[in-house]
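Have the model open as you read.

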Amino acid sequence: MKTNKDIVLNFFNEVVNGKKLSEIESFIHRDYTVHGFPVEAKGPEAMKQITGMMFSSFHDIHVTMEGIIEENNSVGTHGYWTGSHNGEFMGIPATGKKVKVNFVEIWNIKDDKLHENWVQMDFTGLMKQL
């Protein structure tokens with residue numbers, strides 16, 4: 001039986017680490033909302049904007065989960081991502097620098113898809129590394 005933790009882990013492994021943008025709609029709920037990340041869209045389009053921006057800025061981005069907990073329809077994760085800054089990010093031209101950025105997220109699952117998430121990423125640490 002697929003758990004909510006499995007849904008979150010599979011999303012990161014297949015879409016982000018596997019660079020399979022074509023799989024976004026199989027993971028993201030039609031009413032998906034993200035909090036803590038600057039996108040205008042909702043639903044799968046919001047996740048396409050986020051991952052597209054991250055992939056174009058950090059082409060080799062890789063997420064490592066250090067912890068994951070599940071309760072009812074919520075999943076909490078913490079970990080870090082690494083990548084090489086090979087494209088513009090938030091107005092900063094590519095530097096070629098390798099970065100490591102810590103994050104904490106809470107995901108809400110609905111109908112076996114990622115429905116809502118709250119993102120806390122160490123943007124200050126990222127900017128210092130760039």
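In which sense do strands β4 and β5 pair, and over how many bridges? Strand β4 (residues 98-110) and β5 pair in the antiparallel sense, over eight bridges. Two strands count as paired if DSSP finds at least two bridges between them; strands (E, at least two residues) and helices (H or I, at least four) are DSSP runs, numbered from the N terminus.

This is a predicted model, in which local features need pLDDT of at least 70, side-chain atom pairs count only at pLDDT 80 or more, and totals for chains, interfaces and linings use all residues. Residues are numbered from 1 along each chain as its sequence is written, and side-chain values use heavy atoms, with hydrogens and water left out.

**Around β5**
- Asn108 has Glu116 as its bridge partner in β5.
- Two residues separate β4 and β5 in a hairpin, and Asp111 in the turn has a positive phi of about 55°.
- Strand β1 (residues 28-35) pairs with β5 (residues 113-121) in the parallel sense over four bridges.
- In β5, Leu114 is the bridge partner of Ile28, and Trp118 is that of His35.

**The whole sheet**
- Five strands form an open sheet with mixed pairing, in the order β1-β5-β4-β3-β2.
- At the edges are β1 and β2 (62-71), each pairing on one side only.
- From one strand to the next, the twist averages 20° (axes are lines fitted to C-alpha atoms, for helices over the stretch in contact; angles run from 0 to 180 degrees between N-to-C directions).

**Helices on the sheet**
- Helix α1 (residues 4-17) lies across β1, β2, β3 (74-84), β4 and β5, running at about 165° to β2.
- Helix α3 (residues 44-57) packs on the sheet and touches β1, β3 and β4, where contact means heavy atoms within 4.5 Å.
- The direction of α3 makes about 60° with that of β1.
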